[in-house]
Every structure is written in structure tokens, then in C-alpha cells.
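Let's take a walk through this model together. Keep the sequence and the 3D view open while you read.

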Amino acid sequence: MDNTSVPKKSLLKRLNKPLASLKLAVFIIVALAAITAVGTIVEAKYDAYAAKKLVYDTWFMYAVMGLLVINLTAVMLDRWPWRKRHAAFVLAHIGIIILLAGAWLTMEYGLDGSMRVGIGETNNLVQVAQTDLVVYSSFDGDRYSKTLEQEVDFFKKPPTVEHPFIVPALSGEIRIVDYQKYVIPSRKVVADESGKGGAGLRFQLQNANVNVIEWLVQRKPDTVATHNFGPAQIHLGPAPEKGREANEIFLTPSKEGLRYVVFQKDSDKPLKKGVVKEGDVFDPGYKMSLQFRVLRYLPTALEEWDLKPAERPSPMTTSAIKILFEGKEHWVLLNDMTKLFTNNAVYLLTYGNRRVDLGFPLKLKNFEVSRYQGTMRAMAYQSVVEVPDSGEHLISMNEPLKYKGLTIYQASFQEEQGKPVASIFSVNQDPGRFLKYLGSLVLSLGIVLLMWFKHLDFRIASKSQKENGN
Amino acid sequence: MKKFFLVLASLLLSVTVYAKAGDALKYLPVQDGGRIKPYDSFSREMLEIVYGKTTYEGRAATEIVMTWMLSPQAWQDKKIFEVRNHEVLEAMKLPKDQRYFSGEELFGNERFALLRQELQGKRESKEKLNPYFQALQRLENQFFVFQEIAAGRMLKLVPPKEGNSWVAVADLEPAQQEKFLAMTKAFVNHIGAMAKNESTSQTAVDLDNAVKGFEESARAVNPGLYEHSGTISAEVHYNSFHPFRWAYIFYFLAFIVLLLVWTLSKESLMKIAWVFLAIGFVLNTYGFGVRMYIMDRAPVSNMYETVVWVSWGVVLFAAILEIIYKFRLILVAGTLVAAFGLVIADFAPAVLDPTLQPLEPVLRSNYWLTIHVMTITISYAAFFLAFGLGDIGLIYYLRGEEKHHEKIKAVVMGIYRSMQIGVAFLAPGIILGGIWADYSWGRFWGWDPKETWALIALLGYLAVLHARYAGMIKHFGMVVTAIITFSLVIMAWYGVNFVLGAGLHSYGFGAGGVEYVSAFVAAHILMVIYVSMIRAGKRKG
């Protein structure tokens with residue numbers, strides 16, 4: 001562009017000229033601003049996930065970003081050979097390119113997930129944003145083998161009746177025919193016509209102070225389903241011979257109805273025994289004089305979801321897919337599973353966020369919340385965790401743990417009745433971090449220098465444009 | 001310069017007088033909202049919640065709130081509850097032209113229970129509350145605050161022997177209860193004397209002594225938790241002095257003088273303008289410093305605090321540019337927008353919460369927070385200055401482009417420099433925000449609306465600067481874009497918190513004022529269109 005010393009520009013530079021145009025730059029900047037503005041509105045209306053899927057993580061966003069990199073490179077090429085006064089301009093523009101390169105590395109090779117660990121518990125799986133469909137098959141109902149594992153993005157490409165997502169099965173196929181972004185689920189238990197499911201029981205426990213109505217459904221026959229009701233536990237399934245020094249009521253499905261056995265804390269002998277049918281009431285015999293009522297009893301039952309569609313997401317909503325198999329419909333919620341029975345096989349289908357194995361167990365030894373004086377407002381919180389070979393570490397709000405190339409941050413915590421029960425960590429691995437910091441530094445340096453050198457380069461640029469008659 | 005310091009010194013002395021008799025009650029430590037504050041602040045905040053103002057019929061909040069507790073029934077039919085939302089009034093079947101209601105009218109109304117259920121249902125659905133439900137929530141809060149104060153459960157005056165939850169008036173031990181009763185007696189005597197216009201010299205002293213007696217008894221319970229005298233008196237002083245109010249008064253005076261200099265070309269007045277400006281700036285800084293001392297952190301954590309900070313920045317940048325360019329009109333724009341910002345902060349307490357609140361956990365690594373928020377908001381100050389200059393530029397275009405060519409050139413130079421300063425702060429500010437996010441959450445950029453809108457504002461100004469270099473916009477274009485692009489800053493600064501209401505920066509969220517801000521933006525856009533049309537017409541003709 002130095003048109004006094006180089007009268008004729010090389011071919012490369014002439015070809016490069018339109019790509020280096022300032023007008024293109026203005027267009028790109030305005031386009032970026034407009035697209036991201038739409039993104040924030042989508043986020044406000046729906047949520048961050050929707051904004052990412054519909055705006056930020058799309059071909060047009062990448063196209064504008066790509067154009068930006070081309071434009072930045074071209075404009076720097078255009079000014080070659082650089083002079084001292086170009087320093088600010090070159091630094092600012094190279095800084096942006098380095099930053100974007102770092103962002104690309106993170107997107108492509110990074111890990112960004114979250115991990116919930118209960119107090120005293122251990123976890124080694126990090127949940128990430130990608131969703132997978134996994135199918136396990138079994139021919140004896142006992143041993144399962146994974147027959148399909150595939151990443152799916154139903155949010156962007158929802159299956160429909162016309163264009164279903166098909167999972168081949170031994171006999172026939174499992175068709176996914178619908179996807180709902182936002183539904184409020186509630187549990188529903190229905191009689192299982194295939195006759196292969198476990199039993200289902202809806203009971204009521206009542207006295208002057210309590211009134212509990214719950215469903216208990218066995219996952220498969222002869223397993224135990226439990227409801228913990230503070231002072232006693234209610235189990236649906238086979239009863240042990242002796243009590244376990246706890247207040248427990250066992251209800252076992254049998255041909256004549258439901259056989260019940262009541263155990264007490266201070267004895268291993270049954271307190272009471274009997275048989276009940278639907279509609280029957282009995283008193284377990286505890287001191288608190290409870291009434292146990294069998295509201296509904298299904299010898300073979302299936303849990304299904306009753307879904308209420310919502311217009312936009314809230315903490316109560318989740319997403320769900322509809323499966324069509326052997327003429328029957330099933331809804332599967334995100335991070336849930338369903339069992340599909342045929343005469344000679346059982347399929348277990350799970351749909352949910354991918355869980356990535358960290359490669360080591362993380363144990364949450366302790367968790368503490370400090371609060372602002374006299375309130376329940378959290379002031380700070382921290383976790384004491386244990387990892388192999390490195391012992392105990394304290395993770396607090398802005399003090400993450402760096403271990404085996406991963407960084408584990410304190411993100412939030414879960415509370416039940418005013419007491420913390422679990423700590424939520426965000427776990428990430430960011431191969432682009434160095435480039436992002438480098439790019440930031442270079443860019444900031446460039447901007448500061450730009451103030452220093454004022455607007456030398458551009459003034460010359462516009463002058464030369466005028467001279468060229470642009 | 002000497003004169004200036006003299007003025008300043010006398011000004012500060014006149015306001016730091018020691019508490020006058022009868023004021024000891026104001027300094028009584030109260031635990032509320034997660035910190036220890038003077039009873040003065042507590043009562044102002046409570047009256048503000050219920051009544052929307054910090055005084056009631058000219059009587060101080062300290063007096064009103066105490067009488068709520070001492071004789072709640074006397075307040076039964078007084079119109080002290082402010083309800084502004086028309087939808088809520090409609091739902092309550094109350095007249096819409098009325099703004100204040102009595103407890104009987106509101107909470108005796110059977111519809112109140114229904115509305116509370118409706119609100120509860122909405123809360124359980126965990127959806128975002130729209131303005132109607134936010135107003136309903138405020139009504140419920142007003143009800144709660146008044147009830148709890150009347151029952152003596154809200155005012156926590158005595159430190160506990162163990163733990164950190166202070167003891168409320170209703171649960172006082174006999175020793176403190178006795179002192180508290182003595183204090184209320186002295187209080188009733190004192191306000192009785194005031195009401196009857198009798199001499200209060202004796203009752204005031206009695207009240208002060210009774211308060212001191214109570215404080216001693218409270219301190220004796222747990223002396224370690226009762227040591228706050230420094231920040232408490234600073235806060236009472238801050239409440240009564242209103243440093244930011246004085247600051248905008250002086251900014252406004254400077255603006256008036258500058259107008260004279262500018263329009264009548266009286267250069268001799270320039271010194272006076274500088275003195276006013278300097279006093280205003282010192283007061284602005286002083287208020288900022290006092291808040292910092294009381295809360296032990298840089299006060300840039302909510303809208304109110306950033307508005308104050310931006311006004312400070314506008315004056316700073318305007319003064320620097322003025323010293324370099326001596327255009328006069330940069331200072332005119334600077335003082336005007338700074339005064340405007342502080343006036344808004346002072347007059348809209350329902351929207352811009354001036355109370356001192358403790359920080360959310362995520363903000364407590366305040367080193368990065370302070371730097372990134374201050375850098376970003378100070379860039380808004382530069383853009384605000386450009387915006388003010390843009391307004392002045394429009395006036396010149398209206399009055400004749402040819403005639404005022406030199407002035408327009410100066411305005412554009414000011415706009416251009418301000419935008420450069422703004423970009424030079426905003427870009428590193430956003431990057432610092434990224435570093436902070438990386439440091440606390442493990443990701444540099446997450447498309448959070450607040451950070452995204454800061455980026456959009458930056459892109460907007462970058463587009464303007466590049467368009468200028470490309471020759472796409474000239475002088476008039478700079479004036480227009482200085483005004484239009486500031487809408488992006490308003491969106492990033494105010495809109496994300498008050499309109500979008502989503503994202504990680506939720507700790508700064510609030511409600512209200514949307515219609516005024518929208519009107520402000522719309523009025524400026526209309527003005528730009530109007531001037532553009534006039535200009536186009538003139539050019540043709």
C-alpha cells in the first residue's frame with residue numbers, strides 16, 4: 001500500500017485487496033453484533049442451551065467468524081511490509097486471530113462438563129452437553145450387551161413421524177418419532193400388558209399427623225422398590241427372614257394378593273404378618289398408630305411419563321423423545337431409560353447427556369457453606385475432595401483444583417431443607433487456554449499502542465484510498 | 001487553587017459536625033440483610049420498602065419505623081403502602097389513581113390472600129416473574145416487613161452469646177428488655193415533645209442516655225460482635241450528607257457557568273466553572289470512598305453504584321480532554337451527562353437501589369471483579385460523554401451547518417476521542433471479564449448475555465471507527481452514531497439486567513424503569529431522524 005516506493009503492486013496484493021477492504025470489515029462487525037444480539041434474546045426467552053444451538057453454534061456464525069479471520073489476515077497482508085507505525089494495528093489484529101484460534105481449540109478438543117458429588121460420596125463421571133442414544137440388548141433378561149451408542153442432536157434435528165430416527169433391533173426396529181424440547185413430566189403407573197414388568201403399588205400411610213400417598217414400582221419382578229418415609233421404610237418386594245433392626249414394612253406380591261411383614265427397630269422377629277388386597281387397610285402395629293391403605297395394586301406394572309408441554313424452559317422442564325416399538329408408544333425423558341420387551345428379547349434404551357470418565361475417582365470428603373450473618377444467604381462455599389496419589393484438596397469459589405490436566409472448579413451446591421447435600425463442580429480441560437491468554441495480551445497491547453500512535457495507519461489508509469480514487 | 005481548598009475544607013467541616021442531641025438512636029447497631037448497619041439505615045430501607053420514600057410526611061424514618069413497632073394499631077388506617085402497578089391494583093379492585101393505601105385496604109382485602117396464592121403458584125412453577133408478579137412480590141414483601149417490624153421480629157439489636165444471628169426485640173433477655181423499654185419511653189417522650197412543639201433539649205438528652213444505656217447492656221452480652229462504631233458513624237454521616245446529591249449540584253452549577261462561557265464567550269468565568277467542577281468531583285470521589293470504607297469493597301456491584309461510578313468517569317474524561325483540546329463544549333457535555341446520571345440515581349431509588357448490600361459468593365474474589373467491572377463501566381463513561389457531545393452536535397446541525405462548521409469539527413473531534421478512550425477501556429475490560437470467568441468458572445467465554453452485550457457495544461463502536469476510516473461516515477455520521485450506538489451501551493448496562501433478565505450476571509438484576517429508558521432512547525432516535533431530515537431538506541434546497 002506504500003504507493004510511492006512500490007508503484008506497481010504485486011498480483012497477490014491486488015487479488016487480496018477486496019478481502020482486505022474496510023467496508024467488508026464494517027459489514028462483518030455489524031453482522032457479528034446483530035447475530036449475537038439475537039442470541040441474547042433467544043437466551044432470555046428460552047435458555048443458554050437454545051441460544052447455543054440456534055445461534056452461536058451454527059453455520060452462519062462460523063461463516064462470519066471465518067470471514068473475520070480472512071479479513072484480518074488479508075488486511076495485514078495488504079500492509080506488508082510492516083513499519084514501526086503498524087505495530088499497534090498488527091498486534092490488535094493478530095491478537096484477535098490468536099484468540100479465535102484458542103477458542104477453536106477449546107471447542108474442538110476441550111472438555112467442559114459438570115459433576116455432582118454427594119457429601120461422602122465418590123464420582124468419576126463428568127456430564128457434558130452432548131447427548132447420546134444407547135441401546136443395550138438382552139436375550140435372557142439378565143445379561144445385557146451394548147448394541148448401539150450414537151451421538152444424537154434432537155434439538156437441532158428433531159425426529160418426526162415422517163422422518164424418524166431408526167434403531168435396528170433383532171426383530172423389527174425401534175423408531176424415534178417425536179422430540180419435545182420442553183415438557184413438565186409427572187409419573188404415571190399403568191398396568192403392563194406384556195406381563196413381564198414388576199409389580200406396582202399405590203399406598204397411603206395416614207395418622208393424625210401424616211398423610212403420605214406414593215407409588216412403588218418394581219423395576220423387574222422379585223426386586224425391591226423402597227419408599228423412605230422418615231420413621232419407617234416401605235418396601236415392595238421379597239421380605240428377608242429376619243428384621244434388620246429398623247422399622248420396615250415389606251409387601252411381597254403373591255398369588256393370593258400382597259403378603260405383608262412388619263419389622264420393628266428393637267426386634268428381629270416380625271411384628272405383624274398378613275395378606276391384603278386392593279382397597280384393604282391394616283395397622284402395622286407401630287406406636288404411632290398408622291393406617292396402611294392399599295389404594296391400587298398392579299401385579300405387573302409399568303412406569304410411564306405423563307408429559308405436559310411447556311412453551312419455554314424452566315427448572316421444572318426437561319426434554320423427551322417418543323419411541324414407537326411394536327405398535328406401542330413410550331416417552332423417554334432426557335437422562336432416563338426405558339425397557340422394551342419382545343417375546344424373545346429385552347432392549348434397554350437410554351437417552352441422555354454423555355458422561356465422560358475422568359479416569360480417577362473424586363471423593364467429596366466435606367462441604368461447607370458460610371452465610372452472611374443472621375441470614376440464609378450464602379457468603380462462600382468450599383469442598384474438601386480427595387483424589388488418588390495426591391490426597392486431600394480444598395476447592396473453593398475461586399480456587400480450583402488442577403489435577404491430571406483437568407481443572408475442577410466449585411460451581412454450586414445442592415441443598416435439602418436448608419442443609420447442603422451435594423457439591424456441584426465444573427470440570428474442564430482447555431487446550432486453547434494458553435492461546436486465549438496470549439491473544440488477549442497481544443490484543444490489549446495493540447489497543448494501548450493504538451492510543452499511543454493515535455490513528456496513524458488508518459489516516460494513511462484513508463488518504464491512500466482517496467488518492468487511488470476509491 | 002488556595003481558594004478552592006478553602007471552599008472545600010469549609011464545606012466538609014460544615015457537614016462533619018458531631019451528632020446533635022437526640023441523634024444517638026440513629027447510631028444504634030442493627031443486624032439486617034447480612035451485615036451490621038446503623039438503625040438510621042435500617043429504618044430508611046424499611047420505610048423505602050413499604051412507602052417508597054425515606055421520609056413520611058416530613059418525619060424521619062427513624063421515628064416512623066419505631067412507632068410501627070410501638071403502636072402498630074395507630075398505623076392501621078394510615079396510607080403508608082405504596083402500590084404502583086396498575087394490574088395489581090386492578091386485581092385488588094382498588095382505585096388506580098391512588099398510589100398509597102392503608103394496611104386495612106390492602107391486607108384486609110380478601111383478594112390479597114388469593115393473589116398471594118397466585119404468586120405462590122407462579123413461584124412453584126419456577127418460571128421467571130413478569131412485572132405483574134414482581135409487583136405482587138413487592139406487595140407481599142411490604143406486608144411481611146410491616147408485620148415483622150410490628151411484631152418486633154425484624155429489628156435485631158443484641159448480639160448473641162453464640163453463633164452470629166442477633167436477637168430481635170421480641171426475644172430479648174430481661175436485662176436488655178428493661179433497657180429497651182427505658183429507651184422506648186424516652187423515645188415516646190421525645191417525639192411527644194416534638195409534636196407539641198415543646199422544648200426538646202431535655203428529652204433529647206434523656207433519649208441519648210437511654211440509647212447509650214441499651215447499647216452498653218447489648219455490648220456486655222458479646223463485646224466482640226459489637227465493635228462497629230467506625231463504619232456505623234460513617235454510614236450515618238453518609239446517609240445524612242448525600243455526597244452524590246451535592247456532587248450533582250456542583251456539576252450542574254459548573255454546567256450553568258460553562259453555558260455562560262460558551263454562549264456569551266465570557267472566558268473570565270472559566271476559572272469558576274473549574275472550581276465548581278472540582279468541588280463536585282471531589283464530593284463524588286468522597287462519596288465513593290465512604291461507600292468503599294463502609295462495605296470494605298469497591299462499590300461497583302449494582303446499577304446504582306455503576307451509575308455513580310460512570311458519572312465520575314465522565315467528568316474525569318471530560319476534564320482530561322478539555323485540558324488537551326480546550327474546546328469548552330466537551331466540559332459542557334461532561335457536566336451535563338454526569339449531573340444527569342447522578343440525578344437519575346438519586347431520584348429512582350426503586351429502580352436503582354442505593355442501599356448497601358453484601359456481595360454474592362461468586363463476586364467475593366473482589367480483586368478481579370473490581371478490575372473488570374470498573375474497566376468496562378468506565379468505558380461506558382467515555383461513550384456517555386460521546387453521547388452528550390452528539391446531542392450538542394445535533395443542536396449545531398439544527399442551527400446551521402455552515403455557520404458552525406468549526407464548532408462541529410470540535411464536537412466530532414471530542415466524540416472521536418471519547419469513542420477511542422471507550423474502546424481502549426472496553427476491549428481490555430471484556431478480556432479481563434473473560435479472565436475472571438476462566439478463573440472462577442473455568443471458561444473464558446460463555447455467551448452470557450451481559451458479556452455478550454458488552455461485546456456487542458464494543459463491536460458497535462468498532463464498526464463506527466472502522467466506518468469512519470473507510471470514509472463511510474463523515475462528521476454528521478459521527479454525531480449520529482455517537483447517539484445511536486450509545487443505545488447498545490444502554491442495553492448492555494441497563495437492558496440486560498432489567499429487560500432480558502437472564503444469565504450468570506443475575507446478581508445485578510432488577511426491575512422497573514423500562515418505560516422511561518425506552519422513551520429516552522426512542523426520543524433520541526427520533527431527534528436524530530428529525531435532524532437528518534431537516535439536514536437533507538436544507539441540502540436539497
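**Starting with a helix in chain B**

Helices here are DSSP runs of H or I with at least four residues, strands are runs of E with at least two, and both are numbered from the N terminus. Before going further, note that this is a predicted model: local features need pLDDT of at least 70, side-chain atom pairs count only at pLDDT 80 or more, and totals for chains, interfaces and linings use all residues. Residues are numbered from 1 along each chain as its sequence is written, while chains are lettered from A and ligands numbered from 1 in the order in which they are written.

Which residues of helix 20 of chain B are buried? They are B:Val517, B:Val528 and B:Val531. Buried means that 20 or more other C-beta atoms lie within 10 Å of the residue's own, exposed means 12 or fewer, and partly exposed is in between, with C-beta atoms placed from the backbone. As a reminder, an α-helix has 3.6 residues a turn, so residues three or four places apart point the same way.

**Cores and the contact between chains**

Now for the nonpolar cores, which are sets of buried Ala, Val, Leu, Ile, Met, Phe, Trp, Tyr and Cys residues joined through C-beta atoms within 7 Å. The largest one has 124 residues, and B:Leu385 and B:Leu458 have the most contacts inside it. Helix 15 of chain B (residues 366-399) gives the largest share of this core, 17 residues. Take B:Leu385: leaving aside its neighbours within four places in sequence, B:Leu385 is in contact with B:Val314, B:Phe317, B:Ala318, B:Ala333, B:Gly334, B:Val337 and B:Ser418. Contact means C-beta atoms, placed from the backbone, within 7 Å of each other. Another core, of 47 residues, lies apart from the largest one and has B:Met66, B:Trp68, B:Leu106 and B:Leu207 among its members.

Where the chains meet, 49 residues of chain B are in contact with 51 residues of chain A. On the chain B side, helix 16 (405-441) and helix 17 (449-469) are the elements that give two or more residues. Helix 17 of chain B provides the largest share, 12 residues. By class, this side has 27 nonpolar, 16 polar and six charged residues. Here Ala, Val, Leu, Ile, Met, Phe, Trp, Tyr, Cys and Pro count as nonpolar, Asp, Glu, Lys and Arg as charged, and the others, Gly among them, as polar.

**Over to the strands of chain A**

Strands pair when DSSP finds at least two bridges between them.

Next comes an open sheet of four strands in chain A, in the order 7-6-14-13, with antiparallel pairing. Its edge strands are strand 7 (211-217) and strand 13 (281-282), each pairing on one side only. Seven bridges join strand 6 of chain A (residues 200-206) to strand 7 of chain A, and A:Arg202 is partnered with A:Trp215.

Another open sheet in chain A has five strands in the order 8-9-10-11-12, with mixed pairing. Strand 8 of chain A is joined to strand 9 of chain A (residues 232-236) by five bridges in the antiparallel sense, and A:His227 has A:Ile234 as its bridge partner.

Most residues other than glycine have a negative phi, and most peptide bonds are trans. A:Asp222, in the loop between strand 7 and strand 8 of chain A, has a positive phi near 70°. A:Asp222 is exposed, because 11 other C-beta atoms lie within 10 Å. In chain B, B:Lys326 has a positive phi near 50° and lies in the loop between helix 13 (303-325) and helix 14 (329-347). Finally, a cis peptide bond joins A:Trp80 and A:Pro81, with omega about -5°; A:Pro81 lies in the loop between helix 4 (59-78) and helix 5 (87-109) of chain A.

Terms used. Contact = placed C-beta atoms within 7 Å.
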